[in-house]
Amino acid sequence: MPDSTGFLKFERATPPRRPVDVRIRDWKEVYLERQQGGEEAFGTAALRTQAARCMDCGIPFCHHGCPLGNLIPEWNDLVRRDDWREAVERLHATNNFPEFTGRLCPAPCEGSCVLNLNESPVTIKQVEVEIIDRAFAEGWVEPQPPAELSGKKVAVVGSGPAGLAAAQQLTRAGHEVTVYERADAIGGLMRYGIPEFKMEKRHLDRRLDQMRAEGTRFVTGVEVGAPGSDLSVEQLRADFDAVVLSGGATIGRDLPAPGRDLAGIHLAMEFLPGGNRQALGLVDRPEIDAHGKHVVIIGGGDTGADCLGTSHRQGAASVAQLEIMPEPPSSRGPKNPWPTYPMVLKVSSAHEEGGDRLYSVNTERFVGDEDGHVRAIAVHDVEMVDGRFTKVEGTERELPADLVFLAMGFTGAQKEGLVEGLGVELDARGNVVRDAEFMSTVPGVFVAGDVGRGQSLIVWAIAEGRAAAGAVDTWLTGSSMLPRPITPTAVALR
Ligand SMILES: Cc1cc2nc3c(=O)[nH]c(=O)nc-3n(C[C@H](O)[C@H](O)[C@H](O)COP(=O)(O)OP(=O)(O)OC[C@H]3O[C@@H](n4cnc5c(N)ncnc54)[C@H](O)[C@@H]3O)c2cc1C
Ligand code: SF4
């Protein structure tokens, strides 16, 4: 039985982050590691106290907040009782990769925790990451190869969290799975998009080792279906009994304002891979380098925050992050009640490290110098009038900008190459259409993750990969024991 009064005895607490002036000099994760003094700062006992705040509320809304349906109260109580081995079993029952979500998830579960009625939810995400880190440290995360093989072959195209979750589930179900990735390393956005300071790549590599030992094959440097590719669409269909498309929503939203063709203006995903390569020591200085530059980031979301943290670590002279929407409130508004996801001001680790956040600002044009390089952006304030952004006259000004990063989201899947070659249908938003069984309009071709859902989150991608694997297994063998945590049309609590 959980301690139903823990939340009355203990305040919510989270581990401290490393001091800003220390952490911006390296690329390591922002949290203190246990072996670097983290145990003293936020020890195991402190974490167990936090887990004890889970009150056995009866109807765990957190289950519905988490797209994976993680069994949160169960593992909270197991941690409270110091039963870590059982806790990781319960965690892995619903989540293939808790070390990714425990570091990167915005934790909608905490938004729907009953204690969030008082805005002090259980630190669910922290408990999650500590369980899996401990399990790896103790050697409890072992390969789980299938007991027997089905003789069926599955290609997974795209190695982000959706593709990896589908691949792990299908390999364990006995199918021969090959994951194809066009980049030079596996991981999708977790490899070269999400910066090292949010999740060190060693966590990804450790999980990939487990998957290889289970029998999943990985092939990098192959863009399936592209002209001249080592694997054409015809060969893909001939060689495999089923295909999972998990190529992500990789087309960045552009800003066609006057001056867009000036040098020094880049989509966020043109910039972030270089920062990741620098963090990993693969390059000394990246091609797009914020060192000594005035940087402006257009887009106030997480991708923008990743550009912010990367720019600071590269030694930018100044960084401003612009957002056209007004500044969110510091606590829930009346139209955003519990248990929906709280639309409140988020201060990510990158925001703690400096830079200006400007809200209700629109970009009018990019201003160039005589060499055709951006030198400033012309902006003005906006206000909402009759549901439309309207210019506030007299607020026109220039912000110095040697580098501009466009971090305004993604508009869907890449069409050229595989998607066009297969002839799968797209919806009006540019995502690949799938039916209730995650199958595209082409029989035997399944769809998982951002390529079908549109730009989303890692937790949704893992849930999609798991659910699509269940559908693929059923299609190949007639039935399946694999869980299906979500349907293709499931949406967040709102
Ligand atoms: C900068 C950034 C930061 C983010 N931070 C977070 C975060 O902190 N927390 C969070 O929950 N979410 C975050 N997200 C969102 C999250 O990363 C995505 O929702 C998630 O990675 C989607 O997973 P996926 O498997 O669908 O696709 P992706 O991770 O996009 O992976 C798709 C892969 O498929 C490959 N591919 C595409 N076509 C082909 C082909 N024809 N052949 C071979 N390979 C192909 C691509 O190269 C890519 O590596 C972030 C996104 C970005 C851009
Ligand atoms: S995966 Fe995300 S939503 Fe689910 S329990 Fe973990 S932090 Fe919460």
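1. A word on classes comes before the counts. Ala, Val, Leu, Ile, Met, Phe, Trp, Tyr, Cys and Pro count as nonpolar, Asp, Glu, Lys and Arg as charged, and the others, Gly among them, as polar. On that basis, the shell around ligand 2 holds 9 nonpolar, 3 polar and 2 charged residues. Note that the model is predicted.

2. Which residues come closest to ligand 2? They are Cys-66, Thr-101, Cys-105, Cys-109 and Lys-125, out of 14 residues that surround ligand 2. Two elements, α9 (108-112) and α10 (124-138), each give two or more residues to this shell. The largest share comes from α10, with 3 residues.

3. Ligand 1 is surrounded by 39 residues. The closest are Gly-158, Gly-160, Gly-188, Gly-248 and Gly-449. Elements that give two or more residues to this shell are α11 (161-172), β2 (176-181), α15 (268-279), α16 (302-314), α19 (450-453) and α20 (458-477). By class, the shell around ligand 1 splits into 18 nonpolar, 14 polar and 7 charged residues.

4. How is the protein chain divided? There is domain 1 (6-138), domain 2 (153-250 + 411-477) and domain 3 (265-406). Domain 2 and domain 3 touch through 7 residues from domain 2 and 10 residues from domain 3. On the domain 2 side, that contact has 4 nonpolar, 1 polar and 2 charged residues. The centres of domain 2 and domain 3, taken over C-alpha atoms, are 30 Å apart. Ligand 1 draws on both: domain 2 and domain 3 each supply at least three residues to its shell.

5. Take the sheet that contains β1. Its 5 strands run in the order β3-β2-β1-β4-β14; the sheet is open and the pairing is parallel. From one strand to the next, the twist averages 20°. Within this sheet, β1 (residues 153-157) and β4 (residues 242-245) pair in the parallel sense over 4 bridges. Ala-155 stands opposite Val-243 in β4.

6. Two helices pack on that sheet. α11 lies across β1, β2 and β4, and runs at about 165° to β2. α20 touches β1, β4 and β14, and its direction makes about 165° with that of β4.

7. α11 and α20 also meet each other. Their axes come within 7 Å and cross at roughly 35°. Is the crossing left-handed or right-handed? The crossing of α11 and α20 is right-handed. The α11 side of the contact includes Pro-161, Ala-162, Gly-163 and Leu-164. The α20 side includes Ile-458, Ala-461, Ile-462 and Glu-464. The contact residues divide into 12 nonpolar, 3 polar and 3 charged. Both helices also give residues to the shell around ligand 1.

8. β6 (residues 294-298) and β7 (residues 318-322) pair in the parallel sense over 5 bridges. The bridge partner of His-294 in β7 is Ser-318.

9. Last, the packing of α6 against α10. α6 (residues 72-80) and α10 pack at an angle of about 65°, with their axes 10 Å apart. α6 passes α10 in a left-handed crossing. Ile-72, Trp-75, Asn-76 and Val-79 in α6 meet Ile-124, Val-127 and Ile-131 in α10. The residues of this contact are 6 nonpolar, 1 polar and no charged. α10 is also the element with the largest share of the shell around ligand 2.

Definitions and conventions
Residues are numbered from 1 along each chain as its sequence is written. Chains are lettered from A and ligands numbered from 1 in the order in which they are written. This is a predicted model: local features need pLDDT of at least 70, side-chain atom pairs count only at pLDDT 80 or more; totals for chains, interfaces and linings use all residues. A residue is near a molecule or strand if its C-beta atom, placed from the backbone, lies within 6 Å of it. Domain bounds come from an automatic or database domain assignment. Two strands pair if DSSP finds at least two bridges between them. Axes are lines fitted to C-alpha atoms, for helices over the stretch in contact, and angles run from 0 to 180 degrees between N-to-C directions. A crossing is left-handed if the near helix is turned anticlockwise from the far one by less than a right angle, and right-handed if clockwise.
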